[in-house]
Number of protein chains: 2
Amino acid sequence: RVPRAAKETGEEADILQRCRGFMSPPVTDISVLQGNKDEMRTKMEMLIMETQADFCKALEKVDGGTFRVDRWKRKEGGGGISCVMQDGKVFEKAGVNVSVVFGNLTEEAAKQMRSRGKVLKGKDGKLPFVAMGVSSVIHPKNPHIPTVHFNYRYFEIEEEDGTKQWWFGGGTDLTPVYIDKEDAFHFHKTLKEACDKHHPQYYPDFKKWCDRYFYVRHRGETRGIGGIFFDDLDSPNQEEVFSFVKSCARTVVPCYLPIVYKHLSDSFSDEEKDWQQVRRGRYVEFNLVYDRGVKFGLATPGSRIESILMSLPLTARWEYMHEPAKGTREAEMLDALRNPKDWV
Amino acid sequence: RVPRAAKETGEEADILQRCRGFMSPPVTDISVLQGNKDEMRTKMEMLIMETQADFCKALEKVDGGTFRVDRWKRKEGGGGISCVMQDGKVFEKAGVNVSVVFGNLTEEAAKQMRSRGKVLKGKDGKLPFVAMGVSSVIHPKNPHIPTVHFNYRYFEIEEEDGTKQWWFGGGTDLTPVYIDKEDAFHFHKTLKEACDKHHPQYYPDFKKWCDRYFYVRHRGETRGIGGIFFDDLDSPNQEEVFSFVKSCARTVVPCYLPIVYKHLSDSFSDEEKDWQQVRRGRYVEFNLVYDRGVKFGLATPGSRIESILMSLPLTARWEYMHEPAKGTREAEMLDALRNPKDWV
């Protein structure tokens, strides 16, 4: 087994050096990160800060605007960095959020985790945890540029005897307003390549999981054309799962930015903008009614509402009995949402 | 005790005659209503149909537009009549919905009711029920005309031994974009007068209940400036409660229409329109995250989604970290939502 430090010297510069490229100092003190540089929580915090910076900078470059950076603390432990660009030239609303929170699991949260099959033995009923992740939703102005969402997260719980339970979750998915098969192919293929490097079943399994998760039951539609989604990933070992999550996180820019550039100058009509607004309404429905992260956030005391709800679009529309005419591009979009397809 | 038929002759014309004024034939066949004219379910269906018609006609008169009328059936029993006016001259979206549904309670619904303290003894596990109501949300275009919502409903369950449990619920509440104390006084006073005719505690109790129910917890704000809200009302007796509900339902037009007429020609700025759109976003948050009726509807198989979600505005807006400057009319509005007031 190759020692970690040696293995990473080539790929990773030192912590202080890497932090200089972030949107803000990391949530955890740099000296603490340096002191624990081989721990997974440090490696993951560095990865999510880096993913935030890389994505924000790529978006700033194409938009010409600048992200507002809000650093916030959580009374109960930890905090986050929210980057938001609103009403830019290209993006109506772009949010990229990092959070690193810790404390003791609430009874409610522990119950939820047990219901997901976790056996948790706390010390005097207390379960110290760390949860961290990067998440982002980008709503462009032009209806020919799709909305993208991604989230990569890490969870660690310390049990009574000091052993740690940990797992990773995440995913990247695309929500176009109109179907562009070339875009869909590029997006899924880029994800598939990142997955295939780690396990041949990852892409097919996580693609299906994504279609299942982003399902708006009351509409009988998926939110978008999917991508990948996974949770509770804890095998074969921590290093290998982290390496997979790193591949996914580093795939966000190559998945999305080529699509943005391709449609940057596409012209669009009022009708196309209206259809985008109706689709935005469905996006809001999914996020407020079904999304586990949003529901968990809204129900958690001390959570930062503005960071949770920054995923909502700047504008949305609800038309009574809206149904596109047969044979239109709007009907084609709806069909793909009602009958999820294989794009690669 | 005055015989019912005699008591009602003066006030109520015959069923066929009254149906002629409705937006559509009632959900239940007229001949069935005529055959059961002394039953509460008939009296309530007539009342909700009448309330729908009176309100729709008053709104059509002020707008100049016409309601689209959709009659729908529910496979499992019953149906409804949805009246919607969209993108009118005065109203951005106006929905007035009647539904009369029946069947056997699902296990989930029975459980919910038991959790609310109802003791229900079913026959072979089956609990036949009838649920009916009229509900409406009106979103005007002009930010100086408030949004209004009302809902009046009746529930009946037949137990094993043939006895019926029944109760009424309902309420009317106002969601302005800017505070107008005169409007708030008029609205609450009209409701108070309707309540006071029946019980001196109704207005104070149901006003508080309304503030409690329409609370957007994650924002720390009420949805609007309230009104009245009540549920599970089953005393002193069925006739008296129905009489109270009738007073409330007949108060909808006098509560709201004078406010609409007063502000019909108010001019407004782009900034005022933006603030309205931000408030609309909060309206969507309440309806999708907390509203019991919406949650119940979205989770119920066979429910008509378009009628449930017709309460959502045509357009809404989510601005990151929106906070009005001190001393502005927007800040005054927010203060009233954060600290519910007594308006009469």
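**Briefing: the contact between chain A and chain B**

Across the interface of chain A and chain B, 15 residue pairs are in polar contact, both residues at pLDDT 80 or more; a polar contact is a pair of N or O atoms within 3.5 Å, where within protein one must be able to donate a hydrogen and the other to accept it, and residues adjacent in sequence count only if both atoms are side-chain atoms. This is a predicted model, in which local features need pLDDT of at least 70, side-chain atom pairs count only at pLDDT 80 or more, and totals for chains, interfaces and linings use all residues. Residues are numbered from 1 along each chain as its sequence is written, chains are lettered from A and ligands numbered from 1 in the order in which they are written, and side-chain values use heavy atoms, with hydrogens and water left out.

**Extent of the interface**

- Chain A and chain B each bring 31 residues to the contact, where contact means heavy atoms within 4.5 Å.
- About 2,900 Å² is buried between the two chains, 58% of it on carbon and sulfur atoms; buried area is the accessible area (1.4 Å probe) that two parts lose on being put together, summed over both.
- On the chain A side, the residues that lose the most area to chain B are Glu306(A), Trp318(A) and Tyr320(A), together 29% of what that side buries.

**Polar and charged pairs across the interface**

- The rule finds 2 salt bridges between chain A and chain B, a salt bridge being a side-chain nitrogen of Lys or Arg within 4 Å of a carboxyl oxygen of Asp or Glu.
- Glu306(A) pairs with Arg219(B) in a salt bridge, at 3.2 Å from N to O.
- Elements of chain A that each supply at least two residues to the side touching chain B are strands S1 (68–73), S2 (78–86) and S10 (315–317), with helices H10 (270–289), H11 (292–299) and H12 (305–308); helices (H or I, at least four residues) and strands (E, at least two) are DSSP runs, numbered from the N terminus.
- H10(A) gives the most to this side, with 4 residues.
- The side of chain A that touches chain B holds 16 nonpolar, 5 polar and 10 charged residues. Here Ala, Val, Leu, Ile, Met, Phe, Trp, Tyr, Cys and Pro count as nonpolar, Asp, Glu, Lys and Arg as charged, and the others, Gly among them, as polar.

- S10(A) and S10 of chain B (residues 315–317) run antiparallel and are joined by 3 bridges; two strands pair if DSSP finds at least two bridges between them.
- Thr315(A) has Arg317(B) as its bridge partner in S10(B).

**Within the chains**

- Over all chains the count comes to 59 salt bridges.
- Asp231(A) and Arg292(A) form a salt bridge through their side chains, at 3.0 Å from N to O.
- This pair links distant parts of the chain, with Asp231(A) in strand S9 (residues 226–233) and Arg292(A) in helix H11, 61 residues apart.
- The peptide bond from Ser235(A) to Pro236(A) is cis, with omega near 10°, and Pro236(A) lies in the loop between S9 and helix H8 (238–249) of chain A.
- Met321(A) is not a glycine, yet has a positive phi of about 55°; Met321(A) lies in the loop between S10 and helix H13 (329–338) of chain A.
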